[in-house]
Amino acid sequence: MAKAESTVTWTVYDALKMSAREIYGVVLTDLGGVNPNIVGLSADLAKSTQIGAFGDKFPDRFFNFGIAEQNMFGVAAGMAKAGLLPFVSTFSAFASMRACEFLRTDICYQNLNVKVIATHGGTSFGSAGSTHHAFEDLSIVRAFPNLTVIVPADGFETAQAVKKCMDINGPVYIRIGRGFEPSAYAAEDDTFEIGKAVEMHPGTDITVIACGPTVFQALEAAKILQTDGGVSVRVLNMHTIKPIDKEAILKAVTDTRRILTVEDHNVIGGLGSAVADVIAGSGKGCAFEKVGIPDVFTPHGYPEDLMHLYKTDTDGIIEKVREILGRDFEADEDWEDEV
Amino acid sequence: MPLTDQELKDLSRTAAKVRRDMVDVTGWSGGAHIGGSLSMADILVLLYWKYMRIDPAKPDWEDRDRFVLSKGHGGMGHAVVLANRGYFPMEDLKSFNETGSKLGMHLDSHKAVGCEISTGSMGHGLCQAVGLALGARVLKKDWRTFVIIGDGESDEGSIWEAAMSAAHYKTGNLIAFLDRNHYMIDGNTEKIMSLEPFADKWRAFGWETIEVSGHDLKALSGAIEFALDYKKGPVMLLCETVKGKGVDFMEGKAAWHYGGLGADLVEKAKASIGEG
Ligand SMILES: Cc1ncc(C[n+]2csc(CCOP(=O)(O)OP(=O)(O)O)c2C)c(N)n1
Ligand SMILES: [Mg+2]
């Protein structure tokens with residue numbers, strides 16, 4: 001498969017003014033100029049997901065299926081079989097749940113080269129309520145063999161993920177927000193590698209593992225804990241949920257002995273569960289906690305309020321870190337043997 | 001019985017009041033699905049003020065008629081109607097969309113009194129309406145089920161799965177309204193994913209289908225009365241509507257699918273609607 005290098009470089013100014021989905025639209029349009037096999041598909045959300053930017057530039061390679069997600073995912077599979085490279089965009093809730101089996105059986109089972117850009121992930125669509133929140137999508141799609149699952153921290157990382165998912169000859173699910181989340185990065189980081197976590201803040205007392213919008217929140221928390229409490233918090237941006245970076249997780253277990261995962265997702269099945277699987281399988285012991293949506297349907301509300309409610313914001317992370325640090329688990333004298 | 005002149009006058013005034021309130025909530029909430037709320041306003045007014053057997057003081061009354069808003073993004077419009085009909089205080093509309101409010105973009109049946117079914121994801125409401133209709137049959141109840149579907153929403157395969165099942169089971173107690181306002185988010189339905197010949201599709205799926213104005217209260221009430229009498233199977237009232245109906249600067253404009261209104265536009269919009 002032909003690799004395509006995007007020629008777009010993001011100035012801080014541009015990216016900070018643009019939402020992740022706008023950036024995605026521009027990057028995809030740029031890639032479309034390089035790779036003539038790229039086709040864009042949407043289901044009456046061309047504007048909302050910004051894949052419409054691609055459609056404006058390449059009308060002959062853009063298809064709007066109306067509000068019919070299942071068919072759209074099935075068509076994408078057929079297009080990939082024909083040799084095209086489909087990018088499919090809708091809200092995360094519909095990509096993962098409405099089109100679920102079409103993604104799983106048509107695209108993943110056949111290991112087809114289809115890129116799913118799922119917007120409005122987590123609770124980012126605040127006032128739309130549970131029908132439009134996607135807090136189980138990672139849990140669902142993580143269970144599909146062949147699928148790579150990426151949750152970029154912000155617009156800069158979205159640009160990287162969209163460019164680099166082209167290197168994978170198979171299905172990729174990229175989950176982004178609505179676009180009003182603050183940026184975790186100050187510029188695009190070219191060293192971004194799918195499957196490789198990024199240490200955003202060094203630390204030795206505890207590691208906070210985050211993805212998507214919680215990366216920024218964890219970073220803020222780490223800075224505050226450092227200056228206000230002398231607590232040394234490592235922050236890992238686990239942008240790839242599958243395949244997960246086992247090495248980075250186990251290194252954090254050894255180095256900091258305390259792990260807190262934070263995600264805008266149900267605590268069942270998402271980032272926290274993926275991290276827990278790695279830790280449990282390693283035989284190493286550590287203090288471990290997952291923060292996220294506690295297996296409830298989420299109410300209507302502003303996204304920042306919902307993140308506060310579920311303790312996935314800066315305040316919540318600080319509170320949780322302090323709570324874990326207060327625990328007396330190191331009384332276990334066999335610790336050294338375990339690690 | 002056809003609407004009397006007095007009824008027509010009263011219902012028109014109610015429809016105008018409901019539309020002005022929709023404009024207010026759009027202003028208060030920072031943004032709402034105003035276009036599709038305005039287009040279905042007349043249908044809702046006829047149902048809630050004339051035809052549905054309901055008692056807002058007893059929202060759980062077991063013999064009540066059931067209403068399902070399959071195009072659940074019209075939750076704002078539905079909430080305005082429920083408040084005006086007395087299901088909950090008008091005051092509650094002021095916190096629409098706010099954190100902790102009982103009311104948000106897509107109504108939650110656990111929180112919004114009078115809302116039977118939580119909707120918002122397109123193409124679920126009609127399926128559940130078929131379930132309610134079959135439920136009445138099995139339980140030997142004579143309540144009827146009413147459902148409003150969007151035209152864009154009709155792209156969903158599940159709408160046609162539900163349509164097939166309603167016709168198959170001859171749900172004579174199910175009446176659907178199609179808010180045929182010609183627009184979905186990305187533009188005109190015929191440009192995005194053509195639906196025409198739409199009435200023929202419903203007929204082919206076994207529904208008694210009537211094409212009627214969704215704004216002419218007299219004509220619409222005549223169609224509803226026909227549907228109420230028709231017991232052989234499901235009835236589709238394919239209602240020709242205007243997205244944004246009543247507000248001159250919104251009518252037929254795709255951009256007003258969802259939007260916010262500043263104080264000046266709220267006043268302009270309300271002036272355009274008038275008193276009815
Ligand atoms: C399954 C699903 N896909 C996409 C959406 C996003 N969405 C909300 S409203 C809408 C357009 C609805 O158009 P239509 O049914 O014509 O409604 P109306 O014109 O009456 O507002 C879309 C695509 C959704 N709510 N559910
Ligand atoms: Mg419409």
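Around ligand 1 there are 25 residues, and those that come nearest are A:Glu69, B:Lys71, B:His73, B:Asp151 and B:Lys243; a residue counts as near if one of its heavy atoms lies within 4 Å of the molecule. The model is predicted, so local features need pLDDT of at least 70 and side-chain atom pairs pLDDT 80 or more, while totals for chains, interfaces and linings use all residues. Residues are numbered from 1 along each chain as its sequence is written, chains are lettered from A and ligands numbered from 1 in the order in which they are written, and side-chain values use heavy atoms, leaving out hydrogens and water.

Ligand 1 lies between chains A and B. By class, its shell holds seven nonpolar, nine polar and nine charged residues, where Ala, Val, Leu, Ile, Met, Phe, Trp, Tyr, Cys and Pro count as nonpolar, Asp, Glu, Lys and Arg as charged, and the others, Gly among them, as polar. An oxygen atom of ligand 1 is 2.8 Å from a polar backbone atom of B:Tyr183, and a nitrogen atom of the ligand is 3.0 Å from one of B:Met122. Taken alone, ligand 1 exposes 600 Å², of which the protein buries 99% (Shrake-Rupley method, 1.4 Å probe).

A:Glu69 also brings helix H5 of chain A (residues 69-82) into the picture; helices are DSSP runs of H or I with at least four residues, numbered from the N terminus. Its buried residues are A:Glu69, A:Met72, A:Phe73, A:Ala76, A:Ala77, A:Met79 and A:Ala80 (buried: under 20% relative accessible area; exposed: over 50%; 1.4 Å probe, protein chains only). These cover an arc of only 165° around the axis, which puts them on the same side of H5(A), the arc being that of the directions from the helix axis to the C-beta atoms. On the other side of H5(A), A:Lys81 and A:Ala82 are exposed.

Technical notes. Polar contact = N/O pair within 3.5 Å; in protein donor to acceptor, adjacent residues only side chain to side chain. Helix = DSSP H or I, 4+ residues; strand = E, 2+ residues; numbered from the N terminus. Expected span 1.5 Å × (residues − 1).
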